[in-house]
There are 2 protein chains.
Amino acid sequence: MAIIDDLIQIVGPERASDDKTVRYAYSRDSSFITGLPDYVVRPVSTEEVAKIVSLASQHRIPIVPRGNGSGMEGGCVPLHGGIVLDMHNMDKILEVDTGSLYAVVEPGVIHAHLNARLGEQGFFFAPDPASTDFCTIGGMIGTNASGMTCLKYGDTRKSVLGLEVVLPDGTVINTGAKTVKSDCGYNLTALIVGADGTLGVVTKAILKIIPRPRARATVTAYFDEVEKIEEAVASIFANGIIPAACELLDRPVIRIINRYKPEIALPDVDAILIFNLEGSAAAVEEEVDGVVSSCKKAGAIEVKAAATKEEADALWEGRRSVGSAIYRLDPQKAGPNIGGDYGVPIRRLAEMLREVRRIAEESGITMVAFGHVGDGNLHTHMAVNVLDEEELARAEKAGDAIYEAALKLGGTTTPEHGIGAAKIRWVREESKSAYPLMRAIKKVFDPQNIMNPGKIFEIS
Amino acid sequence: MAIIDDLIQIVGPERASDDKTVRYAYSRDSSFITGLPDYVVRPVSTEEVAKIVSLASQHRIPIVPRGNGSGMEGGCVPLHGGIVLDMHNMDKILEVDTGSLYAVVEPGVIHAHLNARLGEQGFFFAPDPASTDFCTIGGMIGTNASGMTCLKYGDTRKSVLGLEVVLPDGTVINTGAKTVKSDCGYNLTALIVGADGTLGVVTKAILKIIPRPRARATVTAYFDEVEKIEEAVASIFANGIIPAACELLDRPVIRIINRYKPEIALPDVDAILIFNLEGSAAAVEEEVDGVVSSCKKAGAIEVKAAATKEEADALWEGRRSVGSAIYRLDPQKAGPNIGGDYGVPIRRLAEMLREVRRIAEESGITMVAFGHVGDGNLHTHMAVNVLDEEELARAEKAGDAIYEAALKLGGTTTPEHGIGAAKIRWVREESKSAYPLMRAIKKVFDPQNIMNPGKIFEIS
């Protein structure tokens, strides 16, 4: 019997396909990496997933779990054919217990939907990816997604209490518990979060939820030298304040935003910091004062605290425009994700930004860096004519130079977008000493290497 | 050449011993589990550790890393002889960078010493074990220690950014980075934290540090039915408040404290909740109001907010007396750690406490339960004549019944004290489906099973 018939037997004809059009739709994510699956299946239950994975195991066919394809590094792209498991139909919020601070969800639940539901009761799931409106909890678990509020609330791993996982041989395991603390043997929950779906298919997750902050305020500070931001941030920490968000725009990005949307009229300074403070009303008020005085003490040219929500939104407009601004710089050029996600110790941020400016100049590639200062996480956007091989190669070299610089400064090449297919070189380089162990762990879970092959590691 | 001569060659005669008196001193921790090592070595550097571990690997001798022996489950007891690695000389705080929110430390640093040093700059390492004055960071990493403030600040795993680890074959690996987010391949940092030293010897740790809260307040609430505490806590969460600590004393424990220290004069109620609120002065003030009103709404008989530090200390005195009170109940009896650490979803706490009361009655063993309500973590203290085999067996049966009840309520048998030797049965039972994977991971790291053998798993 052909594989597609077996798949249809498991999920019915509506949810299994080997049609070329369908397969093509599942051949990419938000990166430029592509790969055509042989089959697409949309399971609705753990049992179906287990049967599909067993079938794949029996025939040694790759299995590629997929949420909504918003990943930046090719994590859900089927590089070696096989079965794409589209998990988006498994989108039930199974349990919400605000008194016990947990929710149980299926992996296809969209982040924003979960938080809308939790919000009705005054709670939220804290990790905060920019793709909230379309990314799934399963995808967030695969990449250990975070976002602007990571310093205050943590990444996805910190908010996952337990998992149900279908292993590459089709068996189902459960990890963790519905409690904040649980360490009964090795913590497989923490290992599977961030594993890019290479260790198994997550079919259920117990998530930690917390009360929503009751108030929020926004502060913006302008600096004539990017170096001064470090002093400002250090002084804010020393004042006892952890901002919910602390975003940086440096001069190149400011100029691009002003060119794209002159009405925003950002000042032509070397760096802008934008803060969100969250908590109780009284705490936020106090923190606004602290942030303003710290920024002034560190030599900010100007510091503004938004008095209303509208003012706050206006202050955030510049930050929100970064993506569109860079993509529209040159209609001939695209914005491939090259050198796009890296982190350094917070006090090395200015140094890192100088490096990026130098690399931009030397490579002749238009690029800007911006990011989450509070956790030292930067993103680069490049404008590249991806059809021009020479230019693309130059961009890639520049991307490598950026990652090398981050590592030299004691940082990381993979803070929040996962590894997928795009960053496997950096696992070898950044995690050199631990690399053999990682490969051996993969083999323990997946001796046939059918679970999302070609991700995190090359196919050997 | 005898092993001891090899060891002396590595660390010199002052820091290696096979003397029986020395060995005896290293034969136990804070549990009742004992085991005599063949050698005791006190390394001062990663290089020494690597050499000692290589030697052990060559001769297939067990290696048992040890901090200060404050563990409750036998984690550092050499059950199968071999070399105890006393890490307490590796006690340097190598780097503190408050502007980047990290510190780099050796594993022998005492928790309270680290926080004293960080406190000078207004920062702290958040995990908060009761043994702060003597437990080491290495021991905290081994057990994934937490404490009263875990709900607000998280367990040790959440505050460890990276590790240097000597693997069982003597090679040295580095994991993580000096950044809040780093996921370059499988997260071995999270895997090694809580592994009870069975995967390697931690020789360095990058810790996340955060600003110290500027203010603290204490609130106590009395309830005539333990069931009402769940409503109180749920209402506090719904008010947007996460207490820094939320401790429970139920009727049996209250009575024992009053018998031991009548001057404390706790009211004879069914349950007492004691809260600490931490943050900025304004936030704490607001939270005190919220906690008071939530407790009243949930039907508390009386709620007190401490106006001064002295008043707060007085409110905490009852909680602090639990340990001494139970141990001094009967001079003939000891307080072995049986059924001592378990957790349930917060909303099942009252149910769990009723179970403990029932088990106490049925077994005829004097016991009390108390604990960290905010994360559903309870501890039982028993008074047992450990020389009476029948009574000890009865106590152990009662302990098992407690753990079984916790599992039935969707909880965990290992929230914060680690597994060590005492809880290996519960790894098999609670983590049944994941157990074969755990054993296989152990084998990847330690094919000869020389790294703390007999912990987490039986020697097969």
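Colleague: What makes a set of residues the largest nonpolar core here, and which residues have the most contacts inside it?

Modeller: A nonpolar core is a set of buried Ala, Val, Leu, Ile, Met, Phe, Trp, Tyr and Cys residues joined through side-chain atoms within 4.5 Å. The largest such set in this predicted model has 195 residues, and A:Leu188 and B:Leu188 have the most contacts inside it. Features at local level need pLDDT of at least 70 and side-chain atom pairs pLDDT 80 or more, while totals for chains, interfaces and linings use all residues; side-chain values use heavy atoms, without hydrogens and water. Residues are numbered from 1 along each chain as written, with chains lettered from A and ligands numbered from 1 in written order.

Colleague: What is B:Leu188 in contact with?

Modeller: Contact means heavy atoms within 4.5 Å. Neighbours within four places in sequence aside, B:Leu188 touches A:Ala434, A:Leu437, A:Met438 and A:Ile441 of chain A, and B:Ile173, B:Thr175 and B:Phe445 of chain B.

Colleague: Why is B:Asp196 called buried?

Modeller: Buried means under 20% relative accessible area, exposed over 50%, partly exposed in between (1.4 Å probe, protein chains only). B:Asp196 has 7%, so it is buried. This residue lies in the loop between α7 (188-192) and β10 (201-208) of chain B, and its phi is near 55 degrees, a positive value in a residue other than glycine.

Colleague: Is B:Asn452 buried or exposed?

Modeller: Its relative accessible area is 1%, so B:Asn452 counts as buried. B:Asn452 also has a positive phi, about 50 degrees, although not a glycine, and is found in the segment after α15 (435-445) of chain B.

Colleague: Why is chain A called as compact as a globular protein of its length?

Modeller: The globule rule is 2.2 Å times the number of residues to the power 0.38, and the radius of gyration is taken over C-alpha atoms. For 460 residues the rule gives 23 Å and chain A has 23 Å, so the description holds. Buried residues make up 64% of chain A.

Colleague: How do you know that β1 and β2 of chain A pair, and in which sense?

Modeller: Strands are DSSP runs of E, at least two residues, and helices are runs of H or I, at least four, numbered from the N terminus. Two strands pair if DSSP finds at least two bridges between them. β1(A) and β2(A) (residues 39-41) have two bridges, in the antiparallel sense, and A:Ser17 stands opposite A:Val40 in β2(A).

Colleague: Which strands make up the open sheet in chain A, and in what order?

Modeller: The order is β1-β2-β4-β3, with mixed pairing. β1 (16-17) and β3 (63-66) are the edge strands, since each pairs on one side only.
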